[in-house]
Structure formats: C-alpha cells, structure tokens
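Please look at the sequence and the structure shown below. This report goes through a few parts of the fold in turn.

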Amino acid sequence: MAVSVRPIVNAAGIPMESSSQSPVILEVDAKQGGGLPSSPPPPHPNRDDPFEGMTYDPEAIARHYRPRFFQVGWRFFRIFWPLGLFMARIWLDRRSGKFSKREQKRAIQLRELLTRLGPAYIKIGQALSTRPDLVPPLFLEELSSLQDQLPPFANDIAYHFIEVELGAPYYEVFAELSDHPVAAASLGQVYRGRLKTGEEVAVKVQRPGLAQRITKDLYILRILAVLADRIPQINSDLVGIMDEFGERIFEEMDYTQEGRNAELFAELYGHLPDIYVPSIYEGYTARRVLTMEWIEGTKLTRIDELQRQGIEATHLIEVGVQCSLRQLLEHGFFHADPHPGNLLATRDGKLAYLDFGMMSRVKPYQRYGLIEAVVHMVNRDFEGLANDYVKLEFLSPETNLEPIIPALARVFNNALGASVAELNFKSITDEFSALMYEYPFRVPAYYALIIRSLVTLEGIAINVDPNFKVLSKAYPYVAKRLLVDPAPQLRASLQALLFEEGRFRWNRLENLLRNAKDSEDYNIDLVMDQTLDFLFSERGSFIRDRIVQELVANLDLLGQTTLSRFQARLRSFWSPDQDSGSANGAKPAAKGSDLEHIQRILEILQQTKGFDASAIAYRLPEILLKPETLEMGQRVMGGLAQRALARLIRDLMLSGEARDRQIEIEVLADPDQPPLALPASAGTRR
C-alpha cells in the first residue's frame, strides 16, 4: 500500500498544529489492500438503537420511555444535578467577589459540562456562543469550541459507518481521507478527502447511538414543557416548540435529507451576490454519511485574520442579513442554525453556508404577516400591529385588542428610538417578552426557530460590529418588497401605509423609495412597471381617485395663488402706497405643497441605480392615451370647473370688502385648501 503524508488545514482554512493527533491525508492504493492496519470491523454501533432511521414521533418516544422510569430518572439526575451545582458555584463566586478570578475556570467547566450532556445541550451552548451581549468574553471563547471542536469518536467506527452506508471500504470509495477528523460537532465529525475523480471533499460521519441519546433528552424536556405549560405566567407553546425542535433534529440526523436541503438552498439562494453554497455528491451520501465540496474559509468571528486577507467582515454580515431576509420572507425556506461554524468567508470574499441539517419553513401567510408587522412597527401603527399578531397566531381571534394597542405603543416606542437606523432586534424582542406577561400572547412553535436564527445572526453581527443593527439593514429589503411585490396582502399594506384619514402620506412614500434604492437587487424598471400596472388596474382605482382629488385641489390652489399675486401686483402698480401684505398671505408656505414632495421623489428616483429618464419618456405617450388617463383628465377638468363655478357664485353674492376679508380668512386658515366656501346666506360650507 502506498501512503503519503501531508499536513492539512481545518474547516476554517487554518493549518493545524503538528502533534500526534494532527490529521493527515492518507493517499490510498486500493489495490494493495486499504488504509488502516487490517482488523475485523467493529460490531454495528447502532444495532440496539430502536429509534435509528425513524422520523420524530413524540407518542412513540413516550411509549418507549414511559415504562423505563429508572432509566429516565437516572438521566434526569445526570442532567440537572451537575447543572444545578454549576449554577450554585457561579452564585457563590459572585457573592464572594471571586467571579473574575475564577471566570476562566468556570467557562471551561461549562463547556465540558455541555459536551458531556450531549447533542441537545451542545446546541444550546452553540447558540450562547454567538451572544456577546449576553455572555462574558471568556465564556464566549470557550463555548465557540462547541461549534466544531468537540471530542471526536473512534476512527474505526467512522470508517465502518462509511463502509456500511456506501457499500464499500473507505479506501475503495475515496482516493484520499484524513486519518483524524478535521472538525467534530454535535451530531457528527468531518474528514477531509479526495474522490477518485479528483474533487476535494468534506466527508461528514454521524456519531454512534445518536438517535437514542437525543430521544431520551427530548422525552425529558417535553415532560418539563408539558408541566411548564400549566403555569399561567408561561405564554409560549413550549410543547409545540419542543416538537418543532424534535422534528428538525431528527431531520438533521438524516444526511440524505441534509443533501436535499443543500441542493434546494443552492437553487434558491446560490445565485445571490457573494453567496456560495458547496456542492453535494449524491453518490457518496447516505443516511449517516454526507460528502460535500470542501470549502477553504475563515470564521466571521476571526476579525484580525479576515483583515489580513483583505476581507471586510461587516460586508459579509450584511450579505448574510440580506440572504436571511430572502430565506424568511421570500421563499420561506431558511437556515435555522447559522452559528459561526456554519458561516465561512471564502478566500475570494464570499459568504459560504455549511451544514444544512437544521432547516425550517415559513408559510406564505406567515411571511406576509411578518412583513406587515415590520411596516406597522416602523410606522408606529400599533392598531395594525395588534391585528398582525392575530394573523401570526400570537393572539387568538377572540382577543380584545383595545387594551393591547396602547400597551404596544408604550412598549415599542421605547425600543424603536428615533429612526429606523436605531432599530435593535434584541431590544424589541426583550420589550415584547415583557409585554407577554401582561396580555394573552402565546409564542407559536414556528416562531421559535425564526427567533433563534435571527438572534444568532445578530449575535455574530454584534461580535463583528457592536453598532450593527439587523433590522435597520432589513428595512430596505422590506421597502423593496412593498413596492414591487404584487401580492394582495402587501398591496393592502402599501395602501394602508400611504393613505391615512383620506390624505396621501408623501413622507412615507419618500421613506420607502429612499430605503428601497439601497436594496441590492432593487429593480427600478420593475417598480415602474408594477406601479403602472397597479395604478391602471381595478385595484388601483382608489389611487386614481386620490390623484384626481390631489390634482384638482393643487391646480385650483395654484390658480388662486397666481391670481392673488397678479391682483396684488396690479394694485401695487396703480396704488404704490397700498400695503399688499394681505395678498402675500395667500402664499401657501405654511405646510409645503405636494409639488415639492413630487420634486423630492423625482430626485430620489434619479439617484436610484438603473433609473432611465428616457425610458419614462418613452412610456409617457402610452400612459397619456390610456382610457383611465383620459377619464382622469375629464374628471380633473370637471372638478376645476365645479370649483370655478362655486367661486363665481360666491363672488356674485359677496360685496367687495367682505369678499376680500372672506378670502383672506380662508387662505390664512388653511392655505392648502382653495376658498370654496359659500356664505351662510347662500348655503352650507363645503
């Protein structure tokens, strides 16, 4: 057998230190008999695991463990006794003032404790390792090793799994394979290898006895969830959350499902700028063995190393945020475990996603509900936000929203700050958590993984940039979706956003356009096309009505202002000593005209990438010849004629001095509205 040895790098692309345990690549000559010293294969490690290959079934798990009281009780003791002791030590350290001296020791103890407790608790540690705002730095450093540096299991078992799952010894399947794992995580460990066709690959092999260990912990945690659900102060569907977690972790134990997840993820998001998804080799993948393209990369949390490579970590975080938004709000298929071990910066500056075992889905009504909730929250429409919580199943349809609306206003006004740029996801979730104790909110199961994903992503972002705000980076995408998505739910949200009490909110349209132009794939031509299609459709009739009203009002006001100024100039010409101040009072400077808003909107459009004035001019004749445009023109002319006739009747019925005084009073009272009032003797004011 010909074997050559060369050093390799770990999953993060860093050369591993040489030691007796450092992995090497075994280049195997299969004709001479194989890689390791010959020995009979070990017995099948999972032959006694009754849950091997099953899908998650809480009733079947309960039937299995219910009669095994002592086995479950012993496991319960082994989990919560050491956890209780650890918490007691932390409490004593703080009481005695020795916490800072013992912090490193306690961090190591916590990491070792979670490792001993098994995969479910390792995942908790992984989530904590991304929260620098919650966990002290020394604990963060220790817990980060739970991402891919756990104790490995024996190579003999891993090689045997490869043979059982792929149907041949590893040396017949792979041209090269490292003699030690380059990374070990909660569910499996990874070897670096090469296919006989030359591709460099990562080979992930599942831990033995995994299903039995996880099901026992899930059974215990589910019992605790059932008991906790009976406590009135608990406002979460803990049993549903546990079942959701159980389903995802059982899917994660099936590597063929992970391979399908990776392929779908690549199809949906692999085309996005600066996103890279590794290829899956289906012929080398089975339930407990996954073979995927090897990725050379660096964790996003290694800021100094990224800077040496000329990679901007903040940019990749923004790329990850935009990708996550598309996962949650566009396609509804999202990566539920984006910890730093699963996100790498490649050498060419792309963000590579790894580990597609824990994925989840968001249904269409949930996606649209989340977008609507963000819009209502940003615009402080708390009545709309309360109704969003009903749609998203946080509140039952029978809930009385009247006392909840002012509570939402009180809580979220504290979290929102002065602008979208100040939005902080953690502060909002914290404020919302406080609100749940006072009112009948109940967190649905699907939302738990969304929160976990977003909180983990924000934790990574805060580690890179303490001032990073996930929601402020998200709003441009939300604004873009509101402007271009033809879904009826979002059209209704856009209508509610732009019109309030019968008046068009120009400032909100400006805000949407200003934010949307910063979205990476914002297509101004698509916005124009969909805007025109919607405007001239039956659903857009309400906008056409308001455009007619605005045109009539503003053209009439413009005419009146022009006439007043012309009359003032004539009076000053014939009577230079006459004070013309009353005429100048007609200048509508108090509130600003809609024409000024339109001018600002045109400036925003001109600054938008892809804006082409010639393309708009090309569309203009077609727009002007549409039947709806002609009908709008007739209505505008009719409205102006009606106002002119009403004004003529009023002028005929008022004396000169009284008429001037009436006009001045009306203009000063509301310069945006033309003076159309009739005197009391002539009829009611309109």
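What follows is a short report on a predicted model, starting with the whole chain and ending with single residues.

## The chain as a whole

The model described here is predicted, and its chain contains 27 helices and 14 strands. Of the 686 residues in the chain, buried ones make up 50%. When contacts between residues at least 6 apart in sequence are considered, 71% of them join residues that are at least 24 apart.

## An open sheet and its helix

Strands of a sheet pair through backbone hydrogen bonds, and they do so either parallel or antiparallel. In this chain, 4 strands form an open sheet with mixed pairing, and their order is β6-β11-β10-β8. Its edge strands are β6 and β8 (297–299), each of which pairs on one side only. Helix α12, made of residues 313–331, packs on this sheet and touches β6, β10 and β11, while its direction makes about 45° with the direction of β11.

The strands β8 and β10 (residues 343–346) run antiparallel and are joined by 3 bridges. Within this part of the sheet, Lys299 stands opposite Leu344, which belongs to β10.

## A second pair of strands

Strand β2, which covers residues 174–178, is mostly covered, since 4 of its 5 residues are buried. This strand pairs with β4 (residues 188–195) in the antiparallel sense, over 3 bridges. Phe174 has Leu195 of β4 as its bridge partner.

## Two nonpolar cores

The largest nonpolar core holds 142 residues, and the members that touch the most other members are Phe265, Tyr389, Phe394, Leu408, Phe441 and Leu512. Helix α18 (residues 470–484) gives the most to this core, with 10 residues. Apart from this core lies another one, of 18 residues, which includes Phe153, Tyr159, Ile162 and Val201.

Which residues does Phe394 touch, not counting those up to four places away in sequence? Phe394 touches Tyr389, Phe432, Pro440, Phe441, Arg442, Val443, Pro444, Tyr446 and Tyr447.

## Helices that pack together

Two packed helices are described by the angle between their axes and by the distance between those axes. Helices α12 and α18 pack at an angle of about 50°, and their axes are 10 Å apart. That angle makes α12 oblique to α18, and α12 passes α18 in a right-handed crossing. On the side of α12, the contact is made by Glu318, Val321, Gln322, Leu325, Arg326, Leu329 and Glu330, and on the side of α18 by Val470, Lys473, Ala474, Tyr477, Lys480 and Arg481.

A second pair consists of α19 (residues 488–498) and α20, which pack at an angle of about 130° with their axes 8 Å apart. These two helices are therefore oblique to each other. In their contact, Leu494, Ala496, Leu497 and Leu498 of α19 meet Arg508, Leu509 and Leu512 of α20. Helix α20, made of residues 506–516, is mostly covered, with 8 of its 11 residues buried. Those buried residues are Trp506, Arg508, Leu509, Glu510, Leu512, Leu513, Asn515 and Ala516.

## Single residues to look at

Most residues other than glycine have a negative phi. Asp274, however, has a phi near 65°, a positive value in a residue other than glycine. Asp274 is found in the loop between α10 (255–269) and β6 (275–276). Asp355 likewise has a positive phi, of about 60°, although it is not a glycine, and it is found in the loop between β11 (351–353) and β12 (359–361).

Are these two residues buried or exposed? Asp274 is partly exposed because its relative accessible area is 27%, a value between the limits of 20% and 50%. Asp355 counts as buried because its relative accessibility is 17%, which is under 20%.

Thr629 lies in helix α26, which covers residues 627–653. Thr629 is buried because its relative accessible area is 17%. If its neighbours within four places in sequence are left aside, Thr629 is in contact with Phe536, Ile623 and Leu624.

Terms used: Residues are numbered from 1 along each chain as its sequence is written. This is a predicted model: local features need pLDDT of at least 70, side-chain atom pairs count only at pLDDT 80 or more; totals for chains, interfaces and linings use all residues. Side-chain values use heavy atoms; hydrogens and water are left out. Buried means under 20% relative accessible area, exposed over 50%, partly exposed in between (1.4 Å probe, protein chains only). Contact means heavy atoms within 4.5 Å. Two strands pair if DSSP finds at least two bridges between them. Axes are lines fitted to C-alpha atoms, for helices over the stretch in contact, and angles run from 0 to 180 degrees between N-to-C directions. A nonpolar core is a set of buried Ala, Val, Leu, Ile, Met, Phe, Trp, Tyr and Cys residues joined through side-chain atoms within 4.5 Å. Angles under 35 degrees count as roughly parallel, over 145 as roughly antiparallel, 65 to 115 as roughly perpendicular and the rest as oblique. A crossing is left-handed if the near helix is turned anticlockwise from the far one by less than a right angle, and right-handed if clockwise.
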